[in-house]
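This report describes selected local features of one protein model.

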Amino acid sequence: MKTTRRGFVRRVGAGALGAALVPKLAFGRAPVVVTTKSFDVAVVGAGVFGSWTAYHLQEAGRRVALIDAYGPGNARASSGGLSRVIRMGYGDQELYTRFSMRSLELWKTLLGRAARATQLQQVGVLWLARELDPLTTKTLETLSRLGVKHEKLDRADLERRWPQIELGPITWAIHEPESGFLMAFHVVQAVAQMAVDSGVEYLQAGVMPPVGTGELTAVTTRSGATISAKTFVFAGGPWLPKLFPELLGERIFPTRQEVFYFGVPAGDARFQAPAMPVWVDFGEAMYGVPDFKGRGFKVAPDSHGPPVDPDSLERVPSPEAMAKAREFVGRRFPALRDSPIVFSEVCQYENTSNGDFLIDRHPERPNVWLVGGGSGHGFKHGPAVGEYVAARVIDGKPVEEKFSLLTKQRVQRRTVF
Ligand SMILES: Cc1cc2nc3c(=O)[nH]c(=O)nc-3n(C[C@H](O)[C@H](O)[C@H](O)COP(=O)(O)OP(=O)(O)OC[C@H]3O[C@@H](n4cnc5c(N)ncnc54)[C@H](O)[C@@H]3O)c2cc1C
(Lines give C-alpha, C1' and ligand atoms only; values in the text may rest on other atoms or scores of the structure.)
Protein backbone atom coordinates (compact mmCIF):
# COMPACT_ATOMS: atom_id res chain seq x y z
CA MET A 1 0.00 0.00 0.00
CA LYS A 2 1.16 3.54 -0.73
CA THR A 3 -0.30 6.67 0.77
CA THR A 4 -0.96 9.38 -1.80
CA ARG A 5 -0.64 13.13 -1.32
CA ARG A 6 -4.37 13.47 -0.49
CA GLY A 7 -4.24 10.90 2.30
CA PHE A 8 -5.78 8.04 0.30
CA VAL A 9 -4.31 4.59 0.37
CA ARG A 10 -3.66 2.95 -2.99
CA ARG A 11 -3.99 -0.80 -2.84
CA VAL A 12 -1.18 -1.80 -5.16
CA GLY A 13 -1.70 -4.85 -7.38
CA ALA A 14 -5.03 -5.77 -5.85
CA GLY A 15 -6.96 -6.18 -9.12
CA ALA A 16 -9.71 -4.22 -10.81
CA LEU A 17 -11.42 -2.70 -7.76
CA GLY A 18 -8.10 -2.53 -5.99
CA ALA A 19 -6.89 -0.11 -8.65
CA ALA A 20 -9.28 2.38 -7.14
CA LEU A 21 -8.10 4.76 -4.48
CA VAL A 22 -9.35 3.54 -1.13
CA PRO A 23 -9.67 6.47 1.24
CA LYS A 24 -7.78 6.50 4.52
CA LEU A 25 -10.30 7.71 7.14
CA ALA A 26 -11.94 9.90 4.47
CA PHE A 27 -14.38 7.54 2.84
CA GLY A 28 -16.32 10.19 1.01
CA ARG A 29 -13.97 10.54 -1.91
CA ALA A 30 -13.35 7.11 -3.40
CA PRO A 31 -14.04 7.11 -7.16
CA VAL A 32 -16.53 4.65 -8.62
CA VAL A 33 -14.96 2.07 -10.92
CA VAL A 34 -16.40 -0.52 -13.29
CA THR A 35 -15.10 -3.93 -12.38
CA THR A 36 -15.41 -7.46 -13.63
CA LYS A 37 -13.71 -8.76 -10.52
CA SER A 38 -15.65 -11.30 -8.52
CA PHE A 39 -15.71 -11.40 -4.75
CA ASP A 40 -16.63 -14.14 -2.35
CA VAL A 41 -18.93 -11.73 -0.54
CA ALA A 42 -20.19 -8.24 -1.35
CA VAL A 43 -21.53 -6.36 1.66
CA VAL A 44 -23.89 -3.51 0.80
CA GLY A 45 -23.98 -0.92 3.59
CA ALA A 46 -21.03 0.16 5.73
CA GLY A 47 -22.92 1.01 8.90
CA VAL A 48 -22.04 -0.73 12.14
CA PHE A 49 -23.55 -4.05 10.99
CA GLY A 50 -22.05 -4.08 7.47
CA SER A 51 -18.58 -2.87 8.48
CA TRP A 52 -18.21 -5.48 11.22
CA THR A 53 -19.59 -8.21 8.92
CA ALA A 54 -17.10 -7.31 6.19
CA TYR A 55 -14.26 -7.30 8.70
CA HIS A 56 -15.12 -10.73 10.15
CA LEU A 57 -15.60 -12.29 6.69
CA GLN A 58 -12.24 -10.95 5.48
CA GLU A 59 -10.53 -12.21 8.63
CA ALA A 60 -12.07 -15.63 7.92
CA GLY A 61 -10.25 -15.65 4.57
CA ARG A 62 -12.99 -14.45 2.23
CA ARG A 63 -12.44 -11.81 -0.49
CA VAL A 64 -14.84 -9.08 0.46
CA ALA A 65 -16.18 -5.89 -1.13
CA LEU A 66 -17.84 -3.30 1.11
CA ILE A 67 -20.05 -0.79 -0.68
CA ASP A 68 -21.76 2.28 0.75
CA ALA A 69 -23.79 5.01 -0.92
CA TYR A 70 -22.78 7.87 1.38
CA GLY A 71 -19.83 6.50 3.38
CA PRO A 72 -19.40 4.63 6.68
CA GLY A 73 -21.21 6.38 9.55
CA ASN A 74 -22.56 9.12 7.27
CA ALA A 75 -24.97 11.72 8.67
CA ARG A 76 -28.04 9.97 7.18
CA ALA A 77 -27.13 6.50 8.51
CA SER A 78 -28.52 5.13 11.76
CA SER A 79 -24.90 4.61 12.80
CA GLY A 80 -24.14 8.24 12.00
CA GLY A 81 -24.74 9.81 15.42
CA LEU A 82 -22.17 11.16 17.85
CA SER A 83 -22.65 8.56 20.59
CA ARG A 84 -24.43 5.26 21.23
CA VAL A 85 -24.99 3.50 24.55
CA ILE A 86 -23.51 0.09 25.27
CA ARG A 87 -25.29 -1.68 28.13
CA MET A 88 -25.71 -5.29 29.14
CA GLY A 89 -29.22 -4.99 30.62
CA TYR A 90 -32.06 -6.27 28.41
CA GLY A 91 -34.77 -7.44 30.79
CA ASP A 92 -35.15 -11.19 30.30
CA GLN A 93 -33.86 -11.05 26.70
CA GLU A 94 -30.79 -13.08 27.54
CA LEU A 95 -29.64 -13.42 23.93
CA TYR A 96 -29.12 -9.65 23.67
CA THR A 97 -27.30 -9.54 27.01
CA ARG A 98 -24.98 -12.25 25.70
CA PHE A 99 -24.50 -10.36 22.41
CA SER A 100 -23.69 -7.19 24.38
CA MET A 101 -21.17 -9.04 26.52
CA ARG A 102 -19.48 -10.52 23.46
CA SER A 103 -19.56 -7.17 21.67
CA LEU A 104 -17.97 -5.32 24.57
CA GLU A 105 -15.17 -7.87 24.50
CA LEU A 106 -14.70 -7.38 20.75
CA TRP A 107 -14.94 -3.58 20.93
CA LYS A 108 -12.18 -3.74 23.54
CA THR A 109 -9.92 -6.26 21.86
CA LEU A 110 -10.29 -5.46 18.16
CA LEU A 111 -10.30 -1.68 18.08
CA GLY A 112 -6.78 -0.32 17.94
CA ARG A 113 -5.44 1.10 21.18
CA ALA A 114 -5.89 4.73 20.07
CA ALA A 115 -9.45 4.21 18.87
CA ARG A 116 -10.38 2.27 21.99
CA ALA A 117 -9.07 4.99 24.30
CA THR A 118 -11.31 7.68 22.84
CA GLN A 119 -14.18 5.88 21.16
CA LEU A 120 -15.23 3.45 23.90
CA GLN A 121 -16.07 5.21 27.16
CA GLN A 122 -16.78 2.80 30.02
CA VAL A 123 -18.33 5.43 32.28
CA GLY A 124 -21.04 3.11 33.64
CA VAL A 125 -24.76 2.85 32.91
CA LEU A 126 -27.40 3.68 35.52
CA TRP A 127 -30.88 2.15 35.15
CA LEU A 128 -33.30 4.36 37.09
CA ALA A 129 -36.31 2.33 38.26
CA ARG A 130 -39.67 2.90 39.88
CA GLU A 131 -40.94 0.63 42.65
CA LEU A 132 -42.79 -1.73 40.30
CA ASP A 133 -40.57 -2.04 37.29
CA PRO A 134 -40.77 -5.47 35.62
CA LEU A 135 -38.08 -4.74 32.98
CA THR A 136 -35.45 -3.58 35.46
CA THR A 137 -36.33 -6.42 37.85
CA LYS A 138 -35.82 -8.94 35.04
CA THR A 139 -32.61 -7.15 34.04
CA LEU A 140 -31.32 -7.62 37.58
CA GLU A 141 -32.01 -11.37 37.40
CA THR A 142 -30.36 -11.74 34.00
CA LEU A 143 -27.24 -9.77 34.95
CA SER A 144 -26.86 -11.88 38.11
CA ARG A 145 -27.38 -15.15 36.24
CA LEU A 146 -24.85 -14.29 33.51
CA GLY A 147 -22.25 -12.89 35.90
CA VAL A 148 -22.33 -9.32 34.56
CA LYS A 149 -20.75 -6.89 37.02
CA HIS A 150 -23.47 -4.69 38.53
CA GLU A 151 -24.80 -3.23 41.76
CA LYS A 152 -28.33 -2.70 43.00
CA LEU A 153 -28.82 0.70 44.61
CA ASP A 154 -31.61 2.04 46.79
CA ARG A 155 -32.89 5.59 46.86
CA ALA A 156 -30.52 6.65 49.65
CA ASP A 157 -27.53 5.37 47.61
CA LEU A 158 -28.75 7.30 44.59
CA GLU A 159 -29.24 10.52 46.55
CA ARG A 160 -25.75 10.25 48.00
CA ARG A 161 -23.91 9.36 44.79
CA TRP A 162 -25.81 11.45 42.25
CA PRO A 163 -27.31 14.48 44.01
CA GLN A 164 -27.50 16.27 40.65
CA ILE A 165 -30.39 13.91 39.68
CA GLU A 166 -33.83 14.91 40.99
CA LEU A 167 -35.20 11.41 41.47
CA GLY A 168 -38.94 12.10 41.62
CA PRO A 169 -40.69 8.69 41.59
CA ILE A 170 -37.43 6.75 41.17
CA THR A 171 -36.77 4.48 44.14
CA TRP A 172 -33.97 2.16 43.06
CA ALA A 173 -31.49 1.51 40.28
CA ILE A 174 -28.99 -0.85 38.72
CA HIS A 175 -25.50 0.38 37.98
CA GLU A 176 -23.41 -1.42 35.35
CA PRO A 177 -19.91 -0.04 35.99
CA GLU A 178 -18.26 -1.49 32.86
CA SER A 179 -20.84 -0.33 30.35
CA GLY A 180 -20.93 3.16 28.83
CA PHE A 181 -21.00 4.61 25.35
CA LEU A 182 -19.27 4.50 21.98
CA MET A 183 -18.43 7.48 19.77
CA ALA A 184 -20.71 6.18 17.06
CA PHE A 185 -19.77 7.57 13.67
CA HIS A 186 -16.07 7.80 14.55
CA VAL A 187 -15.98 4.21 15.68
CA VAL A 188 -17.82 2.94 12.57
CA GLN A 189 -15.25 4.72 10.42
CA ALA A 190 -12.51 3.10 12.50
CA VAL A 191 -14.07 -0.34 11.94
CA ALA A 192 -14.46 0.25 8.20
CA GLN A 193 -10.83 1.36 8.08
CA MET A 194 -9.84 -1.74 10.05
CA ALA A 195 -11.72 -3.84 7.47
CA VAL A 196 -9.91 -2.07 4.59
CA ASP A 197 -6.58 -2.54 6.36
CA SER A 198 -7.26 -6.27 6.62
CA GLY A 199 -7.95 -6.49 2.87
CA VAL A 200 -11.61 -5.55 2.31
CA GLU A 201 -12.08 -3.49 -0.86
CA TYR A 202 -14.26 -0.46 -0.21
CA LEU A 203 -16.34 1.23 -2.88
CA GLN A 204 -18.48 4.31 -2.44
CA ALA A 205 -21.54 3.83 -4.64
CA GLY A 206 -25.29 3.54 -4.43
CA VAL A 207 -26.44 0.00 -5.21
CA MET A 208 -29.65 -0.40 -7.21
CA PRO A 209 -32.38 -2.57 -5.69
CA PRO A 210 -31.74 -6.08 -7.03
CA VAL A 211 -34.38 -7.42 -9.41
CA GLY A 212 -35.43 -10.98 -10.30
CA THR A 213 -35.35 -14.20 -8.34
CA GLY A 214 -32.91 -17.06 -7.81
CA GLU A 215 -29.17 -16.73 -7.18
CA LEU A 216 -27.95 -13.16 -7.44
CA THR A 217 -24.80 -12.93 -9.53
CA ALA A 218 -24.03 -9.21 -9.40
CA VAL A 219 -25.29 -5.88 -8.14
CA THR A 220 -25.35 -2.73 -10.24
CA THR A 221 -24.50 0.71 -8.95
CA ARG A 222 -26.32 3.92 -9.87
CA SER A 223 -23.45 4.86 -12.18
CA GLY A 224 -23.57 1.52 -14.00
CA ALA A 225 -20.72 -0.42 -12.35
CA THR A 226 -21.37 -4.07 -11.60
CA ILE A 227 -19.95 -5.99 -8.67
CA SER A 228 -20.09 -9.78 -8.82
CA ALA A 229 -19.92 -12.06 -5.81
CA LYS A 230 -20.87 -15.53 -4.70
CA THR A 231 -22.81 -14.18 -1.72
CA PHE A 232 -24.37 -10.80 -0.95
CA VAL A 233 -25.07 -9.30 2.45
CA PHE A 234 -27.48 -6.36 2.41
CA ALA A 235 -26.88 -4.41 5.62
CA GLY A 236 -28.74 -1.31 4.50
CA GLY A 237 -30.25 -0.31 7.86
CA PRO A 238 -33.25 1.97 7.29
CA TRP A 239 -32.81 1.63 3.51
CA LEU A 240 -33.68 -2.08 3.53
CA PRO A 241 -37.34 -1.32 2.70
CA LYS A 242 -36.16 0.63 -0.38
CA LEU A 243 -33.75 -2.11 -1.44
CA PHE A 244 -36.39 -4.84 -1.07
CA PRO A 245 -39.73 -3.01 -1.26
CA GLU A 246 -41.95 -6.06 -1.72
CA LEU A 247 -40.31 -8.13 0.99
CA LEU A 248 -39.40 -5.49 3.58
CA GLY A 249 -41.46 -2.43 2.63
CA GLU A 250 -43.92 -3.21 5.40
CA ARG A 251 -41.60 -5.08 7.76
CA ILE A 252 -38.94 -2.47 8.61
CA PHE A 253 -40.28 0.80 9.99
CA PRO A 254 -37.84 3.75 9.87
CA THR A 255 -38.96 6.33 12.45
CA ARG A 256 -37.83 9.88 13.16
CA GLN A 257 -35.75 10.21 16.35
CA GLU A 258 -34.50 13.47 17.83
CA VAL A 259 -31.56 13.91 20.15
CA PHE A 260 -30.57 17.03 22.12
CA TYR A 261 -27.32 18.08 23.75
CA PHE A 262 -27.65 20.59 26.61
CA GLY A 263 -24.72 22.87 27.35
CA VAL A 264 -23.48 22.37 30.91
CA PRO A 265 -22.74 25.42 33.11
CA ALA A 266 -19.15 26.68 32.84
CA GLY A 267 -16.75 24.64 34.93
CA ASP A 268 -19.51 22.32 36.19
CA ALA A 269 -18.18 18.75 36.26
CA ARG A 270 -21.38 17.16 37.63
CA PHE A 271 -22.65 16.24 34.17
CA GLN A 272 -19.44 14.67 32.89
CA ALA A 273 -17.81 11.33 33.71
CA PRO A 274 -16.82 10.25 36.29
CA ALA A 275 -19.50 12.24 38.17
CA MET A 276 -22.23 11.25 35.71
CA PRO A 277 -22.71 7.88 34.02
CA VAL A 278 -24.97 7.06 31.08
CA TRP A 279 -28.52 6.96 32.49
CA VAL A 280 -31.77 5.32 31.41
CA ASP A 281 -35.11 6.54 32.77
CA PHE A 282 -37.20 3.75 31.35
CA GLY A 283 -40.41 4.96 33.02
CA GLU A 284 -40.23 8.17 30.94
CA ALA A 285 -38.71 6.48 27.85
CA MET A 286 -35.73 8.84 28.13
CA TYR A 287 -32.00 8.17 28.26
CA GLY A 288 -28.81 10.15 27.98
CA VAL A 289 -25.05 10.34 27.87
CA PRO A 290 -22.81 12.59 29.97
CA ASP A 291 -21.12 15.60 28.44
CA PHE A 292 -18.03 14.38 26.59
CA LYS A 293 -15.39 16.59 25.04
CA GLY A 294 -17.63 19.61 25.55
CA ARG A 295 -20.36 18.41 23.17
CA GLY A 296 -23.12 18.76 25.76
CA PHE A 297 -25.27 16.55 27.98
CA LYS A 298 -27.19 14.21 25.67
CA VAL A 299 -30.92 13.66 26.24
CA ALA A 300 -32.91 11.43 23.90
CA PRO A 301 -36.47 10.08 23.86
CA ASP A 302 -36.66 6.37 23.05
CA SER A 303 -40.31 6.37 21.96
CA HIS A 304 -40.84 5.99 18.22
CA GLY A 305 -41.46 9.10 16.09
CA PRO A 306 -43.33 9.31 12.76
CA PRO A 307 -42.24 7.32 9.66
CA VAL A 308 -39.40 8.83 7.57
CA ASP A 309 -37.37 8.35 4.40
CA PRO A 310 -33.65 8.26 5.29
CA ASP A 311 -32.60 9.85 1.96
CA SER A 312 -34.84 12.90 2.04
CA LEU A 313 -35.43 13.48 5.78
CA GLU A 314 -34.65 17.10 6.75
CA ARG A 315 -32.56 16.72 9.88
CA VAL A 316 -33.75 19.81 11.69
CA PRO A 317 -35.21 19.35 15.20
CA SER A 318 -38.90 20.01 15.81
CA PRO A 319 -40.07 22.58 18.41
CA GLU A 320 -42.31 19.89 20.01
CA ALA A 321 -39.44 17.46 20.62
CA MET A 322 -37.23 20.28 21.87
CA ALA A 323 -39.89 21.40 24.35
CA LYS A 324 -40.40 17.83 25.58
CA ALA A 325 -36.67 17.30 26.16
CA ARG A 326 -36.38 20.68 27.91
CA GLU A 327 -39.31 19.95 30.22
CA PHE A 328 -37.81 16.57 31.16
CA VAL A 329 -34.32 17.99 31.77
CA GLY A 330 -35.73 20.76 33.95
CA ARG A 331 -37.44 18.15 36.11
CA ARG A 332 -34.81 15.40 36.31
CA PHE A 333 -31.64 17.56 36.17
CA PRO A 334 -32.70 20.91 37.68
CA ALA A 335 -29.21 22.46 37.40
CA LEU A 336 -29.64 22.29 33.60
CA ARG A 337 -33.10 23.90 33.60
CA ASP A 338 -31.87 27.03 31.83
CA SER A 339 -29.13 25.40 29.77
CA PRO A 340 -29.16 26.05 26.04
CA ILE A 341 -29.32 23.25 23.49
CA VAL A 342 -25.82 23.40 21.98
CA PHE A 343 -26.19 20.59 19.44
CA SER A 344 -28.93 18.32 18.12
CA GLU A 345 -29.36 15.36 15.82
CA VAL A 346 -32.29 13.99 13.86
CA CYS A 347 -31.76 10.35 13.03
CA GLN A 348 -33.96 7.33 12.41
CA TYR A 349 -34.49 3.97 14.05
CA GLU A 350 -35.02 1.06 11.65
CA ASN A 351 -37.54 -0.92 13.67
CA THR A 352 -38.75 -4.42 13.12
CA SER A 353 -42.22 -5.26 14.40
CA ASN A 354 -41.00 -6.14 17.91
CA GLY A 355 -37.38 -4.94 18.04
CA ASP A 356 -35.67 -8.25 17.26
CA PHE A 357 -32.96 -7.98 14.61
CA LEU A 358 -33.44 -9.30 11.09
CA ILE A 359 -30.69 -11.73 10.10
CA ASP A 360 -31.85 -14.19 7.47
CA ARG A 361 -31.53 -15.30 3.87
CA HIS A 362 -33.81 -13.83 1.26
CA PRO A 363 -36.57 -16.45 0.86
CA GLU A 364 -36.26 -16.50 -2.94
CA ARG A 365 -32.54 -15.78 -3.31
CA PRO A 366 -30.45 -18.28 -1.34
CA ASN A 367 -27.16 -16.38 -1.67
CA VAL A 368 -28.64 -13.07 -0.44
CA TRP A 369 -28.56 -12.21 3.27
CA LEU A 370 -30.67 -9.50 4.87
CA VAL A 371 -29.12 -7.94 7.96
CA GLY A 372 -30.67 -5.05 9.87
CA GLY A 373 -33.61 -4.09 12.04
CA GLY A 374 -31.34 -2.64 14.76
CA SER A 375 -34.53 -1.06 16.14
CA GLY A 376 -32.88 1.68 18.21
CA HIS A 377 -30.61 -0.72 20.11
CA GLY A 378 -28.41 -2.29 17.44
CA PHE A 379 -25.25 -0.24 17.57
CA LYS A 380 -23.57 -1.83 20.58
CA HIS A 381 -24.08 -5.26 19.01
CA GLY A 382 -22.18 -4.50 15.80
CA PRO A 383 -19.17 -6.73 16.58
CA ALA A 384 -21.29 -9.74 17.66
CA VAL A 385 -23.78 -9.31 14.80
CA GLY A 386 -20.89 -9.16 12.30
CA GLU A 387 -19.38 -12.30 13.81
CA TYR A 388 -22.74 -14.09 13.79
CA VAL A 389 -23.51 -13.16 10.18
CA ALA A 390 -20.01 -14.09 8.97
CA ALA A 391 -20.30 -17.50 10.64
CA ARG A 392 -23.74 -18.13 9.06
CA VAL A 393 -22.54 -17.05 5.61
CA ILE A 394 -19.59 -19.43 5.91
CA ASP A 395 -21.16 -22.47 7.58
CA GLY A 396 -24.73 -22.06 6.31
CA LYS A 397 -26.24 -22.99 9.68
CA PRO A 398 -29.79 -21.78 10.37
CA VAL A 399 -30.31 -18.54 12.27
CA GLU A 400 -32.07 -18.12 15.63
CA GLU A 401 -35.81 -18.04 15.17
CA LYS A 402 -36.05 -14.54 16.66
CA PHE A 403 -33.80 -13.16 13.89
CA SER A 404 -35.73 -14.85 11.09
CA LEU A 405 -37.78 -13.07 8.47
CA LEU A 406 -40.77 -15.23 9.37
CA THR A 407 -41.02 -13.60 12.79
CA LYS A 408 -41.13 -10.09 11.32
CA GLN A 409 -44.71 -8.85 11.28
CA ARG A 410 -46.36 -5.97 9.45
CA VAL A 411 -47.69 -4.40 12.65
CA GLN A 412 -45.42 -2.85 15.27
CA ARG A 413 -45.62 -4.29 18.77
CA ARG A 414 -42.37 -3.62 20.57
CA THR A 415 -41.11 -6.21 23.05
CA VAL A 416 -37.33 -5.58 23.00
CA PHE A 417 -36.05 -2.45 24.76
C1 LIG B 1 -31.01 8.52 17.62
C2 LIG B 1 -30.56 7.10 17.73
C3 LIG B 1 -30.06 6.64 18.93
C4 LIG B 1 -29.65 5.33 19.05
N5 LIG B 1 -29.10 4.93 20.23
C6 LIG B 1 -28.56 3.71 20.34
C7 LIG B 1 -27.85 3.35 21.50
O8 LIG B 1 -27.73 4.17 22.42
N9 LIG B 1 -27.30 2.11 21.57
C10 LIG B 1 -27.42 1.23 20.56
O11 LIG B 1 -26.90 0.11 20.70
N12 LIG B 1 -28.09 1.54 19.42
C13 LIG B 1 -28.65 2.75 19.28
N14 LIG B 1 -29.29 3.12 18.13
C15 LIG B 1 -29.50 2.12 17.07
C16 LIG B 1 -28.29 1.92 16.20
O17 LIG B 1 -27.63 3.15 15.96
C18 LIG B 1 -28.70 1.25 14.89
O19 LIG B 1 -29.47 0.10 15.17
C20 LIG B 1 -27.49 0.84 14.08
O21 LIG B 1 -26.60 1.92 13.91
C22 LIG B 1 -27.94 0.33 12.71
O23 LIG B 1 -26.80 0.07 11.93
P24 LIG B 1 -26.93 -0.49 10.45
O25 LIG B 1 -25.55 -0.83 10.02
O26 LIG B 1 -27.96 -1.56 10.38
O27 LIG B 1 -27.56 0.72 9.60
P28 LIG B 1 -26.89 2.10 9.09
O29 LIG B 1 -25.94 2.62 10.07
O30 LIG B 1 -28.00 2.98 8.66
O31 LIG B 1 -26.06 1.66 7.84
C32 LIG B 1 -26.65 1.35 6.60
C33 LIG B 1 -25.70 1.82 5.53
O34 LIG B 1 -26.19 1.34 4.27
C35 LIG B 1 -25.89 2.29 3.30
N36 LIG B 1 -26.80 2.06 2.17
C37 LIG B 1 -28.15 2.09 2.21
N38 LIG B 1 -28.66 1.82 0.99
C39 LIG B 1 -27.61 1.63 0.18
C40 LIG B 1 -27.49 1.33 -1.20
N41 LIG B 1 -28.56 1.18 -1.99
N42 LIG B 1 -26.26 1.23 -1.74
C43 LIG B 1 -25.15 1.37 -0.95
N44 LIG B 1 -25.21 1.65 0.36
C45 LIG B 1 -26.43 1.78 0.92
C46 LIG B 1 -26.11 3.62 4.00
O47 LIG B 1 -25.42 4.70 3.40
C48 LIG B 1 -25.62 3.33 5.42
O49 LIG B 1 -24.29 3.75 5.62
C50 LIG B 1 -29.73 4.43 17.96
C51 LIG B 1 -30.23 4.90 16.74
C52 LIG B 1 -30.61 6.21 16.62
C53 LIG B 1 -31.13 6.70 15.30
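A285 lies in the loop that links β16 to β17 (286-289). In this predicted model, A285 has a positive phi of about 55° although it is not a glycine. With a relative accessibility of 25%, A285 counts as partly exposed. Positive phi is found again at K293, where the angle is near 55° in a residue other than glycine. K293 sits in the loop between β17 and β18 (297-301), and its relative accessible area of 60% makes it exposed. As background, most residues other than glycine have a negative phi, and most peptide bonds are trans.

A cis peptide bond joins A273 and P274, with omega of about 5°. P274 belongs to the loop between β15 (253-262) and β16 (278-281).

| Residue | Relative accessibility | Class |
|---|---|---|
| A285 | 25% | partly exposed |
| K293 | 60% | exposed |
| R222 | 62% | exposed |

R222 is placed in the loop between β13 (218-220) and β14 (226-234). Its C-alpha is 7.1 Å from that of A205, although the two residues are 17 apart in sequence. Beyond its neighbours within four places in sequence, R222 contacts G206, V207 and M208.

A further loop residue is K380, found between β21 (365-372) and α11 (382-395). Leaving aside neighbours within four places in sequence, the residues in contact with K380 are V85, I86, R87, Y90, S100, S103, W107 and L182.

One of these contacts, V85, has F181 as its bridge partner in β11. The strands concerned belong to an open sheet of three strands, ordered β6-β11-β7 with antiparallel pairing. β6 (83-86) and β7 (120-121) stand at the edges with a single partner strand each, so one side of each has no neighbour in the sheet. β6 and β11 (residues 180-183) run antiparallel and are joined by four bridges. Helix α7 (residues 184-197) packs on this sheet, touching β6 and β11, and its direction makes about 60° with that of β11.

Note on methods. Residues are numbered from 1 along each chain as its sequence is written. This is a predicted model: local features need pLDDT of at least 70, side-chain atom pairs count only at pLDDT 80 or more; totals for chains, interfaces and linings use all residues. Side-chain values use heavy atoms; hydrogens and water are left out. Helices (H or I, at least four residues) and strands (E, at least two) are DSSP runs, numbered from the N terminus. Contact means heavy atoms within 4.5 Å. Two strands pair if DSSP finds at least two bridges between them. Axes are lines fitted to C-alpha atoms, for helices over the stretch in contact, and angles run from 0 to 180 degrees between N-to-C directions. Buried means under 20% relative accessible area, exposed over 50%, partly exposed in between (1.4 Å probe, protein chains only).
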